[in-house]
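Colleague: I have a model open and want to learn to read its features. Can you take me through them one at a time?

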Amino acid sequence: MPPHPVPLGFVFRSRAKEEKAPAAVKAPLTDSKQTRDPQAKKGRPTPKRSAAQSQRRSVATTSMSRKEAAKRQREERRAQLEKQRQALATGDERYLPVRDKGPVRKFARAFVDSRFNVAEFFLPMAVVILVLSMVRVGALQSIALLLWLVVIVLIVLDSVATGFRLKKQLAERFPDDNRKGAVAYALMRSLQMRRLRLPKPQVKRGERP
């Protein structure tokens, strides 16, 4: 019998393929689902895709939460300012600024608002005196200078008398409360024109506080 023919494929088989096949078999299997964390250090295991996605979601949630918190703070601040503005017009003690709160400050405001104060007319008198001083007439300039002195003396005397009476009234009405700064607070209010005072006056002139 003739010998069995040798397959041509065996003769012409590429040795390169034969060498690559064992190497491919020996290569370790890797999990294609794993993604390398760019922040992971060398020598540490690469986190799984689910862990990386949850980390990204937490960062996004944190940034959104900060934005929402900042927006909420701005809205609360705007609402608080609006309440303060209304309180300054109505005298509502709940939303007044800290410097205006309390029964002592309320009485000090009422004490000033219930009477005429020389200091509240300082601005219109200052305008008149300034106009007189600009006129190039010696007599008028002398009158303007004299008026300045008279106005200053009157304001000082009236402020001293107001402060003395107010201090006495506060000591009688609020002996156990903190009265520090109340007299200075009232005198600063007396320097403002009545219509420009904040909080708005709650008593009429001549009315007892």
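Colleague: How many helices and strands does the protein have?

Modeller: Helices (H or I, at least four residues) and strands (E, at least two) are DSSP runs, numbered from the N terminus. Here there are seven helices and zero strands. Along the sequence the pattern reads α-α-α-α-α-α-α. Before going on: this is a predicted model, where local features need pLDDT of at least 70, side-chain atom pairs count only at pLDDT 80 or more, and totals for chains, interfaces and linings use all residues. Residues are numbered from 1 along each chain as its sequence is written, and side-chain values use heavy atoms, with hydrogens and water left out.

Colleague: What percentage of the residues count as buried?

Modeller: Buried means under 20% relative accessible area, exposed means over 50%, and partly exposed is in between (1.4 Å probe, protein chains only). Of the 209 residues, 19% count as buried.

Colleague: Which residues make up the largest nonpolar core?

Modeller: A nonpolar core is a set of buried Ala, Val, Leu, Ile, Met, Phe, Trp, Tyr and Cys residues joined through side-chain atoms within 4.5 Å. The largest one has 11 residues: Val104, Phe107, Ala108, Phe111, Val112, Leu166, Leu170, Phe174, Ala182, Tyr185 and Ala186. H4, H6 and helix H7 (182–190) each supply at least two residues of this core. Its largest share, five residues, comes from H4. Another core, of five residues, lies apart from it; Ile129, Ala144, Val151 and Ile155 are among its members.

Colleague: How many aromatic pairs are there?

Modeller: Rings of Phe, Tyr and Trp (its six-membered ring) pair if their centres lie within 6.5 Å; planes under 30 degrees apart count as stacked, over 60 as edge-to-face and the rest as tilted. That rule gives three aromatic pairs. Phe107 and Phe111 form a tilted one, with 6.3 Å centre to centre and 35° between the planes. These two residues are about one helical turn apart, because they sit four residues apart in helix H4 (residues 103–113). Phe107 is buried at 6% relative accessibility, and Phe111 is buried at 10%.

Colleague: Where do Phe122 and Trp148 lie in the chain?

Modeller: Phe122 is in helix H5 (residues 122–134) and Trp148 in helix H6 (residues 138–173), 26 residues apart, so their pair links distant parts of the chain. That pair is tilted too, at 6.2 Å centre to centre and 55° between the planes. Both are partly exposed: Phe122 has a relative accessible area of 34%, Trp148 of 29%.

Colleague: Which residues do ring pairs link into a cluster?

Modeller: Phe107, Phe111 and Phe174. Contact means heavy atoms within 4.5 Å. Beyond its neighbours within four places in sequence, Phe174 contacts Pro103, Val104, Phe107 and Arg179.

Colleague: Which ring does the charged end of Arg105 sit over?

Modeller: A charge sits over a ring if NZ of Lys or CZ of Arg is within 6 Å of the ring centre and within 35 degrees of the ring normal. Arg105 has its charged end over the ring of Tyr185, 4.8 Å from the centre. Arg205 lies over the face of Phe116, 4.2 Å from the ring centre.

Colleague: Is Ser114 buried or exposed?

Modeller: Buried, at 11% relative accessibility. Ser114 is in the loop between H4 and H5. Its side chain reaches the backbone oxygen of Phe111 at 3.0 Å. Leaving aside neighbours within four places in sequence, Ser114 contacts Val203, Lys204, Arg205, Gly206, Glu207 and Pro209.

Terms used
Polar contact = N/O pair within 3.5 Å; in protein donor to acceptor, adjacent residues only side chain to side chain.
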